[in-house]
Amino acid sequence: MLVCDDSPGGLDLEHQGAILGLLPGQAGSGVGVRVVLPDLNLAAAVCGGLVLLKDGTTAACGTPDEVLTPETVAEVYGVRMTTAEADGRRFLVPAPP
């Protein structure tokens, strides 16, 4: 299993891309990959499945589109979000006040 806990979050954009670009090849070769990312949009872009934890328990589990909804993010993180689309992808963005 390849484990990458928070490492991409502390890297500049070039090195984040380099590290995260390795993951699909590892997963495709049968290696289990677990990544812990604080950036939800980045997680959605590179992960086929997500698990959101709240107080040590699973709050949501599924595909990025199933898990990263404004309602779930509000429940887990206590922040209001909305969605926007760009280049055919859905992104979470802060909701207007």
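Begin by selecting Thr69, which sits in the loop between helix 3 (64-67) and helix 4; helices (H or I, at least four residues) and strands (E, at least two) are DSSP runs numbered from the N terminus. This is a predicted model, in which local features need pLDDT of at least 70 and side-chain atom pairs count only at pLDDT 80 or more, while totals for chains, interfaces and linings use all residues. Residues are numbered from 1 along each chain as its sequence is written, and side-chain values use heavy atoms, with hydrogens and water left out.

**Around Thr69.** Is Thr69 buried or exposed? Thr69 counts as buried because its relative accessibility is 18%, where buried means under 20% relative accessible area, exposed over 50% and partly exposed in between (1.4 Å probe, protein chains only). Show side chains here, and you will find a polar contact of 2.9 Å between the side chains of Thr69 and Thr72; such a contact is a pair of N or O atoms within 3.5 Å, and within protein one must be able to donate a hydrogen and the other to accept it, with residues adjacent in sequence counting only if both atoms are side-chain atoms. Apart from its neighbours within four places in sequence, Thr69 is in contact (heavy atoms within 4.5 Å) with Arg90 and Leu92.

**On to Arg90.** A search of the whole structure finds one salt bridge, defined as a side-chain nitrogen of Lys or Arg within 4 Å of a carboxyl oxygen of Asp or Glu. Asp65 is exposed, with a relative accessible area of 54%, whereas Arg90, at 28%, counts as partly exposed.

Staying with Arg90, look across to Glu85, whose bridge partner in strand 6 is Arg90. Strand 5 (residues 81-86) and strand 6 (residues 89-94) run antiparallel and are joined by six bridges; two strands pair if DSSP finds at least two bridges between them. Two residues lie between the strands of this hairpin, where Asp87 takes a positive phi near 55°.

**The hairpin of strands 3 and 4.** Now move to strand 3 and strand 4 (residues 57-62), which run antiparallel and are joined by five bridges. Leu52 has Ala60 as its bridge partner in strand 4. This hairpin also has two residues between its strands, and Asp55 in the turn has a positive phi of about 55°.

From Leu52, turn to Leu40, which, leaving aside neighbours within four places in sequence, is in contact with Leu52, Leu68, Val73, Tyr77 and Leu92.

**Zooming out.** Finally, display the whole protein, which has four helices and six strands, running β-α-β-α-β-β-α-α-β-β from the N terminus. Of its 97 residues, 24% count as buried.
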